[in-house]
Amino acid sequence: MKNFKKALIVMLTVATLAVVFAVVASAEVTGSYPGGSVQWVLDDEGLLTITPLDNISDGVIRLNHNYDANEWTQFVAGNKDAIKKIVIKNTDDLKIAKIIGGISAPACTSIIFPDTVETIEHRFSGWTFAGCALMTTLGPEGTPEGVVDLSSVSCGGGDDYNGQGWFAGCSAVTTIILPEDLVYLAKSTFADCMALKTIVLPEGIVMTDPQAFEGATALKTIVSAKGSFGETYANGNGLEFVNVDDWSFEADVTTPEETTTAAPETSATPETTTAAPETSATPETTSATPETSATPEDTNKTEDTTGVDQATQTGDVNFAMIAAFAIAALSAAVVLIRKRSFN
């Protein structure tokens with residue numbers, strides 16, 4: 001009798017835990033912040049998708065995270081370690097033109113916003129992306145992985161928008177391109193950006209705080225206009241200076257792809273050596289196979305744009321599997337009960 005009770009208790013406990021885990025594993029975190037005109041979905045893969053609410057005015061959304069207690073700040077505080085990637089999207093009817101504020105998510109690797117965004121500003125204390133320790137990619141749709149590109153947006157202009165603490169603690173960032181209207185680098189703009197190697201300064205920058213690059217020990221290259229403050233700063237601090245007209249991050253990113261895809265073209269050589277048999281055309285069809293290597297890139301792009309749907313499907317599958325396990329455990333328990341009653 002005791003063994004029967006123990007077995008029954010174990011099975012019922014396993015079934016209960018399976019149901020609980022299924023609910024937790026498949027759950028999405030949703031919410032909205034009417035004061036900031038935003039709503040969001042955080043899926044179980046860590047993808048945070050942010051879209052505008054219907055009350056958006058002049059295309060402005062607010063992600064104020066360090067001075068205002070609201071639904072958004074509470075959500076970030078409770079889920080900061082679960083956020084792995086952020087995608088800010090337009091809807092069919094609502095377009096985002098300005099983002100006020102930012103986000104601090106230590107586990108987030110990339111933040112992508114729509115190309116309709118013209119301004120990213122943080123009026124008060126700055127620190128817009130401070131603390132995103134694993135972030136390597138930030139910019140509009142199409143920004144290459146490993147690049148922080150803010151060249152297409154304005155920071156608001158004026159002395160109030162001085163970049164204070166913008167990237168403090170972003171220790172994985174290697175390349176940063178700053179907004180063209182930024183005129184001053186304040187204290188701690190790049191504090192502890194330990195992997196930062198290259199920074200592109202706008203021609204209009206006239207001053208930098210002595211502690212702007214504090215802790216950015218890997219910094220090697222300043223890219224800016226010839227004769228600009230950037231060149232003066234580089235020369236005065238033992239850094240390499242590169243004229244912005246001679247530099248392009250696109251070339252650096254695409255070069256590896258070009259070298260790897262060029263290799264299969266050498267497979268044309270067998271045609272000249274085996275030109276006699278007409279059947280030698282067969283290697284052409286096989287040699288074309290490497291071209292399908294582009295497929296992973298396409299699928300990756302698909303995942304980026306439809307991550308929410310795919311992650312939700314994965315959650316549904318996990319839920320179904322665990323639920324099935326729970327049902328099996330409950331069924332086994334019922335069988336034991338009936339068997340015991342029959343005996």
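Which strands do the buried residues of helix 3 pack against? Before the answer, a word on the model. It is a predicted one, in which local features need pLDDT of at least 70 and side-chain atom pairs count only at pLDDT 80 or more, while totals for chains, interfaces and linings use all residues. Residues are numbered from 1 along each chain as its sequence is written, and side-chain values use heavy atoms, with hydrogens and water left out.

Helix 3 spans residues 229-236; helices (H or I, at least four residues) and strands (E, at least two) are DSSP runs, numbered from the N terminus. Its buried residues are Gly 230, Glu 231, Tyr 233 and Ala 234, where buried means under 20% relative accessible area, exposed over 50% and partly exposed in between (1.4 Å probe, protein chains only). These four cover an arc of only 165° around the axis, which puts them on the same side of helix 3; the arc is taken from the directions from the helix axis to the C-beta atoms. As for the opening question, they pack against strand 14 (207-208), strand 15 (221-224) and strand 16 (240-243), with contact meaning heavy atoms within 4.5 Å. Turned away from that buried side are the exposed residues Thr 232, Asn 235 and Gly 236. After the helix comes Gly 238, with a positive phi near 70°.

Tyr 233 also turns up in an aromatic cluster, together with Phe 129, Trp 166, Phe 167, Phe 190, Phe 213 and Phe 229. Across the whole structure, a search finds nine aromatic pairs. Rings of Phe, Tyr and Trp (its six-membered ring) pair if their centres lie within 6.5 Å; planes under 30 degrees apart count as stacked, over 60 as edge-to-face and the rest as tilted. Phe 167 and Phe 190 have ring centres 6.0 Å apart and planes at 5°, so this pair is stacked. Phe 167 sits in the loop between strand 10 (148-149) and strand 11 (175-177), and Phe 190 in the loop between strand 12 (184-185) and strand 13 (198-200), so the pair ties together parts that are 23 residues apart in sequence.
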